[in-house]
Amino acid sequence: MENEPGRWLVDLPGYGFAKAPKAQRAGWQQMMDGYLLDRPTLVQVLLLIDGLIGPTPLDLQTVEWLTHHDVALRPVATKADKVKSSRRGARRNELAQGLGIAPSEVLWTSAAKGQGIPELRAELAAALRLNP
């Protein structure tokens, strides 16, 4: 994809496993709130959820916060390759039910196997109006 001026894909710090002092993490929350709420050009937030264990309470809190503030959200389940084939259907349903959405609304990906990556790239290109 060719990058066009004024279009950015930003990877924000994760939550839950950050090894930093509590005061520093609290500062991150303020920074994140400002970044996500005071950015009129923001198109969408991709929320990466561990497909094997999520959604966690922090994932659900984030979904609630984003929804409350009318921030466009796209749930993306990661580590799809780690879910046993016999559990995939049930796991998809559990994750979607936990998020309160249809299973088809969650994009399942695996960086290790490349699963869902072309679809994710296509969605990002469309959202950012990039030329393929």
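Hi everyone, let's start in the middle of the fold: the largest nonpolar core has eleven residues, namely Leu47, Ile49, Val63, Ala77, Ala80, Val83, Leu95, Ala96, Leu99, Val106 and Trp108. By nonpolar core I mean a set of buried Ala, Val, Leu, Ile, Met, Phe, Trp, Tyr and Cys residues joined through side-chain atoms within 4.5 Å. Buried is under 20% relative accessible area, exposed is over 50%, and partly exposed lies in between, using a 1.4 Å probe and protein chains only. S1 and H3 each supply at least two residues of this core, and the largest share, three residues, comes from H3. As a general reminder, nonpolar side chains tend to be buried together in soluble globular proteins.

Before going on, please keep in mind that this is a predicted model, in which local features need pLDDT of at least 70 and side-chain atom pairs count only at pLDDT 80 or more, while totals for chains, interfaces and linings use all residues. Residues are numbered from 1 along each chain as its sequence is written, and side-chain values use heavy atoms, with hydrogens and water left out. My helices (H or I, at least four residues) and strands (E, at least two) are DSSP runs, numbered from the N terminus.

Now to H3. This helix has twelve residues and reaches 17 Å from its first C-alpha to its last, close to the 16 Å expected at 1.5 Å a residue; the expected span is 1.5 Å times one less than the number of residues. Which residues of H3 are buried? They are Arg91, Leu95, Ala96 and Leu99. Seen down the axis of H3, they fall within an arc of 125 degrees, so they line one face of the helix. The arc is that of the directions from the helix axis to the C-beta atoms. Their cover includes S1, H2, S2 and S3, where contact means heavy atoms within 4.5 Å. Just after H3 comes Gly100, with a positive phi of about 75 degrees.

Helix H2, residues 57-68, also gives us a face to look at. Its buried residues are Asp59, Val63 and Leu66. Down the axis of H2 these sit within an arc of 70 degrees, so they line one face of the helix. On the other side of H2 we find Pro57, Gln61, Glu64 and His68 exposed. Covering the buried residues of H2 are, among others, helix H1 (22-37), strand S1 (45-50), strand S2 (73-78) and helix H3 (88-99).

On to the sheet. It is open, with three strands in the order S1-S2-S3 and parallel pairing; two strands pair if DSSP finds at least two bridges between them. S1 and strand S3 (107-108) stand at the edges with a single partner strand each, so one side of each has no neighbour in the sheet. S2 and S3 pair over two bridges, and the bridge partner of Ala77 in S3 is Trp108. Ala77 and Trp108 are also both members of the core I opened with.

Finally, the loops. Where is the cis peptide bond? It runs from Gly54 to Pro55, with omega near 0 degrees, and Pro55 is in the loop between S1 and H2. Asp70, in the loop between H2 and S2, has a positive phi of about 55 degrees although it is not a glycine. Asp70 is exposed, at 71% relative accessible area. Lys79, in the loop between S2 and H3, is another residue other than glycine with a positive phi, near 60 degrees. Lys79 is partly exposed, at 40%.
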